[in-house]
Amino acid sequence: MSLGSSSRTGTPQAGAAELRVDRVDCSGHGICASLLPRTVELDEWGYPVLAPGGGHDDPADVEAAVRLCPARALYLMDRG
């Protein structure tokens, strides 16, 4: 997923950052898959799997998913 952000703790911005999931922190709520149906699928245990090469969801929806992740496991990271 191509979005903008400078680091995991930075403020996400639409642009050139990659959506990632911290699989240790993730508790499988599935909110990310609900908000980003073209980017995130849930595996058989309900944990997110990101689409290879990123999805095609609206960057504003990606930023909302990062903000709304209850486990803070979803984040944006610079590609550089």
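Reader: Where is Gly46 found?

Author: Gly46 sits in the loop between E3 and strand E4 (48-50). Helices (H or I, at least four residues) and strands (E, at least two) are DSSP runs, numbered from the N terminus. The model is predicted: local features need pLDDT of at least 70, side-chain atom pairs count only at pLDDT 80 or more, and totals for chains, interfaces and linings use all residues. Residues are numbered from 1 along each chain as its sequence is written, and side-chain values use heavy atoms, with hydrogens and water left out.

Reader: Why is Gly46 called buried?

Author: Buried means under 20% relative accessible area, exposed over 50%, partly exposed in between (1.4 Å probe, protein chains only). Gly46 has a relative accessible area of 19%, so Gly46 is buried. The C-alpha atoms of Gly46 and His29 are separated by 7.5 Å. Along the chain these two are 17 residues apart.

Reader: What pLDDT does the protein average?

Author: The average is 83, and 80% of the residues score at least 70. pLDDT is the predictor's confidence in each residue, from 0 to 100. Over residues 1-7 the pLDDT is below 50. Beyond near neighbours in sequence, that stretch has 42 contacts in the model (contact: heavy atoms within 4.5 Å). Where pLDDT is low, the predicted coordinates should not be read in detail.

Reader: In what order do the elements run?

Author: From the N terminus on, the order is β-β-α-β-β-α-β. That comes to two helices and five strands. Of the 80 residues in the protein, 38% are buried.

Reader: What makes Thr39 buried?

Author: Its relative accessible area is 3%, so Thr39 falls under the cut-off. Thr39 lies in the loop between helix H1 (31-35) and strand E3 (40-42).

Reader: Which side chain does Thr39 join in a polar contact?

Author: The side chain of Asp57, at 2.5 Å. A polar contact is a pair of N or O atoms within 3.5 Å; within protein, one must be able to donate a hydrogen and the other to accept it, and residues adjacent in sequence count only if both atoms are side-chain atoms. The side chain of Asp57 also reaches the backbone nitrogen of Arg38 at 3.2 Å.

Reader: Why does Asp57 count as buried?

Author: Asp57 is at 6% relative accessibility, so Asp57 counts as buried. Asp57 lies in the loop between E4 and H2.

Reader: What caps the N-terminal end of H2?

Author: Asp58 does. A side-chain oxygen of Asp58 lies 2.6 Å from the backbone nitrogen of Ala60. In helix H2 (residues 59-68), the buried residues include Val62, Glu63 and Val66.

Reader: Why does Arg72 count as exposed?

Author: Arg72 is at 55% relative accessibility, so Arg72 counts as exposed. Arg72 lies in the loop between H2 and strand E5 (74-78). Phi of Arg72 is near 55 degrees, a positive value in a residue other than glycine.

Reader: How many cavities of 30 Å³ or more does a search of the whole structure find?

Author: One. On a 1 Å grid over the protein atoms alone, a cavity is a set of points where a 1.4 Å probe fits but cannot get out; lining residues have an atom within 4 Å of a point. About 100 Å³ of space lies in the largest cavity. Grid points are joined across faces, edges and corners, and the volume is the space filled by probe spheres set on the points. The lining has 15 residues; Cys26, His29, Gly30, Cys32 and Cys69 lie nearest the centre.

Conventions:
On a 1 Å grid over the protein atoms alone, a cavity is a set of points where a 1.4 Å probe fits but cannot get out, and a pocket is an open set with protein on both sides within 12 Å along at least five of seven lines; lining residues have an atom within 4 Å of a point.
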